[in-house]
Every structure is written in structure tokens, then in C-alpha cells.
Amino acid sequence: MLNEDKNLKTYYTVKEVAEMFNITESTLRYWESEFPNLKPRTVKTSRVRMYAAKDLEDLKMIYNLVKVRGFKLAAAKKMLQANRTGVDRTTEILEKLTAIKDELLMIKSALDKIV
């Protein structure tokens with residue numbers, strides 16, 4: 001899901017964020033038009049998008065709903081409007097479960113090498 005190996009920064013470019021979520025830059029720009037709460041800063045002189053930590057949190061929820069759980073964009077918007085706290089909590093739980101799964105797979109791989 002989210003590649004958190006990047007160094008913590010105040011702002012991220014659209015290219016960096018697209019790489020973190022393994023989606024295209026055009027997908028990010030489209031999601032900005034569809035989700036009103038997703039509003040990265042733009043540098044007026046060059047119109048470069050700069051995503052802050054809050055934007056990344058919003059993107060995690062959108063990504064979880066659309067890419068992981070398979071919701072259509074309209075359904076994802078409704079979910080965020082109706083129960084943002086529940087969506088946020090579900091996103092956290094799924095991230096933890098994914099991390100646990102990855103760790104268990106690494107352990108299994110290490111055990112398979114021993115046997």
C-alpha cells in the first residue's frame with residue numbers, strides 16, 4: 001500500500017506521492033477534482049502541487065476505499081462524508097493488518113529456508 005520508506009518531509013511533490021501510493025500522477029489530480037477535502041498547496045508561480053501530511057492521511061483513506069476495498073468514487077465520497085472517523089479507523093486497522101501479514105510472510109520465508 002503506502003511506501004513509508006521516504007524521509008519525513010513537510011511537503012511532497014505529486015510525483016513523490018504517486019510513487020508512495022503506486023498510482024499515476026493523473027490519478028492523484030483526478031482524485032483532487034473528485035474529493036473536495038483533498039487540496040494540496042500549489043506554488044503559484046509554477047503551479048506545482050505540494051502535499052502535506054494531512055493530504056497524505058486523506059489519500060490513505062481514499063486509496064483504501066477505492067483501490068483496496070474496490071469502492072467506486074461516488075461511494076467512497078459518500079463513505080467519507082457519512083462516517084469519516086469510521087473510515088479513518090478502518091484504514092488504520094487495515095494498515096496494521098497488512099504490516100502484520102508482511103511480517104508473517106517474512107517469518108515464513110525465513111523458516112522455509114531453514115527447513
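**Salt bridges in a predicted model**

Glu-32 is buried, with a relative accessible area of 10%, where buried means under 20% relative accessible area, exposed means over 50% and partly exposed lies in between (1.4 Å probe, protein chains only). This is a predicted model, in which local features need pLDDT of at least 70 and side-chain atom pairs count only at pLDDT 80 or more, while totals for chains, interfaces and linings use all residues. Residues are numbered from 1 along each chain as its sequence is written, and side-chain values use heavy atoms, with hydrogens and water left out. Searching the whole structure gives 8 salt bridges, each being a side-chain nitrogen of Lys or Arg within 4 Å of a carboxyl oxygen of Asp or Glu.

**Arg-49 and Glu-32**

- The side chain of Glu-32 meets that of Arg-49 in a salt bridge, at 2.7 Å from N to O.
- This pair links distant parts of the chain, 17 residues apart, with Arg-49 in strand S3 (residues 48-51) and Glu-32 in helix H2 (residues 25-34); helices (H or I, at least four residues) and strands (E, at least two) are DSSP runs, numbered from the N terminus.
- Arg-49 counts as partly exposed, at 23% relative accessibility.

**Glu-57, Lys-60 and Glu-95**

- Glu-57 and Lys-60 form a salt bridge (3.3 Å, N to O), and they are separated by about one helical turn because they lie 3 residues apart in helix H3 (residues 53-68).
- Lys-60 also forms a salt bridge with Glu-95, whose closest N and O atoms are 3.8 Å apart.
- Because Lys-60 lies in helix H3 and Glu-95 in helix H5 (residues 84-114), this pair ties together parts that are 35 residues apart in sequence.
- Through shared partners, salt bridges join Glu-57, Lys-60 and Glu-95 into one network.
- Lys-60 is buried at 9% relative accessible area, whereas Glu-57 is partly exposed at 38% and Glu-95 is partly exposed at 23%.
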